[in-house]
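Morning, everyone. I'll take one structure today and keep it brief. Have a look at it first.

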Amino acid sequence: LFFMVCLISFTSLANCFGKFALTRKFYQLHDSVNIGSGKIAAAIKSAFLWFAIGWFFYGIGVFLDFVILNLVEFWTDSNPV
C-alpha cells in the first residue's frame, strides 16, 4: 500500500518542475568566490565543489527545492525564495 501511494504521488506530480531557486542561489554564491585568476581559480572552485562543502550545500539545496519549495511554487504560483 505504501509503495502504491508513493508511486501514484510521484507520477501525479511529475509535471511539478519549479525553478530550483535555492539551488541557483547556492550556485551564485559558489560562482562569486574569486580566489586568484585563470586556471588556479577554476581549480579552486572545482575543489570547493567536489569536496565536502560543495556537496553539502548543493545537496541541501536540491533536497529542499525538490521536496518542499517546488511543491509550494506549483500550488501557489510563487516561489518563496
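Of the 81 residues in this protein, 21% count as buried. Buried means under 20% relative accessible area, exposed means over 50%, and partly exposed is in between, with a 1.4 Å probe and protein chains only. This is a predicted model: local features need pLDDT of at least 70, side-chain atom pairs count only at pLDDT 80 or more, and totals for chains, interfaces and linings use all residues. Residues are numbered from 1 along each chain as its sequence is written, and side-chain values use heavy atoms, leaving out hydrogens and water.

Now the fold. We have four helices and zero strands. The order from the N terminus is α-α-α-α. Helices here are DSSP runs of H or I, at least four residues; strands are E, at least two; numbering starts at the N terminus.

Next, contacts, meaning heavy atoms within 4.5 Å. Take those between residues at least 6 apart in sequence: 66% join residues at least 24 apart.

On to helix α4, residues 52–76, where Gly59 lies. Gly59 is partly exposed, because its relative accessibility is 38%. Its C-alpha atom is 8.7 Å from that of Thr23, 36 residues away along the chain.

Val72 is also found in helix α4.

Last, the surface. The protein exposes about 6500 Å², and carbon and sulfur atoms supply 75% of that. Areas come from the Shrake-Rupley method with a 1.4 Å probe; for residues, only the protein chains shown count as cover.
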